[in-house]
Amino acid sequence: MRSPVAEDGPAITALIAACPPLDPNSAYCNLLQCSDFADTCIVAEKDGRIVGWISGYRPPSHPERIFVWQVAVDSSARGIGLGGRMLDELLSRPAVRGATTLTTTITEENPASWGLFTAFARRHDAELTRSERFKRDAHFAGAHDTEWQASISPLPTAPSN
């Protein structure tokens, strides 16, 4: 696992496209995540090929949070706990130090994501709460399912060096 670089953009764009129901971002958005947000993103490789991706950032208005935007795992790497290991790796990053809450948004009909984040909360002895964040009609003009915010806290404290 490593931080992404801009050259990873095309492979990440292809991985996201191969992982429905994830929303496909523009290639430019993925490039920005790989460059400007590299410290809060994770790439997992197997045999030189990108098989896992987490994009995240620290919201400026809520610096106590780490927001996980997307988690993508290639079909060849599913079922081995890669998503959870990437989340754990994200928590170990210096750029995430001091975050007390992990937040993400998930549609109701995404059992894989609910399972990943529920297991993460349980593994870290944290509480997962959920609330509507972006509503189908009010925020997506009926074109996208409601996004529920999952908040997990407290996050484990990184050991001091």
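Q: Why is C34 called buried?
A: Its relative accessible area is 2%. Buried means under 20%, exposed over 50%, and partly exposed in between (1.4 Å probe, protein chains only). At 2%, C34 is therefore buried. The model is predicted: local features need pLDDT of at least 70, side-chain atom pairs count only at pLDDT 80 or more, and totals for chains, interfaces and linings use all residues. Residues are numbered from 1 along each chain as its sequence is written, and side-chain values use heavy atoms, leaving out hydrogens and water.

Q: What keeps C34 from counting as bonded to C41?
A: The distance. The closest cysteine sulfur to that of C34 is in C41, 6.8 Å away. A disulfide needs two cysteine sulfur atoms within 2.5 Å. The pair is therefore too far apart for a bond.

Q: How many disulfides does this rule give?
A: The count is 0. C19 is in no disulfide either, with the nearest cysteine sulfur, in C34, 15 Å away. C19 has a relative accessible area of 5%, so C19 is buried.

Q: How do you know that the buried residues of helix 2 line one face?
A: Helix 2 spans residues 27-35, and C29, N30, Q33 and C34 are buried in it. Helices are DSSP runs of H or I with at least four residues, strands are E runs of at least two, and both are numbered from the N terminus. Viewed down the axis, the buried residues fall within an arc of 140°, so they share one face. The arc is taken from the directions between the helix axis and the C-beta atoms.

Q: What covers that face?
A: The cover of the buried residues includes helix 1 (9-17), strand 2 (49-57) and strand 3 (65-73). Contact means heavy atoms within 4.5 Å.

Q: Why are F134 and F140 called an edge-to-face pair?
A: Phe, Tyr and Trp rings (for Trp, the six-membered ring) pair if their centres lie within 6.5 Å; planes under 30 degrees apart are stacked, over 60 edge-to-face, the rest tilted. Here the centres are 6.5 Å apart and the planes are at 75°, so the pair is edge-to-face. F134 has 31% relative accessibility and counts as partly exposed. F140, at 26%, is also partly exposed.

Q: What makes Y57 and F67 a tilted pair?
A: Their centres are 5.3 Å apart, with 45° between the planes. Y57 is in strand 2 and F67 in strand 3, 10 residues apart. F67 is buried at 7%, whereas Y57 is partly exposed at 24%.
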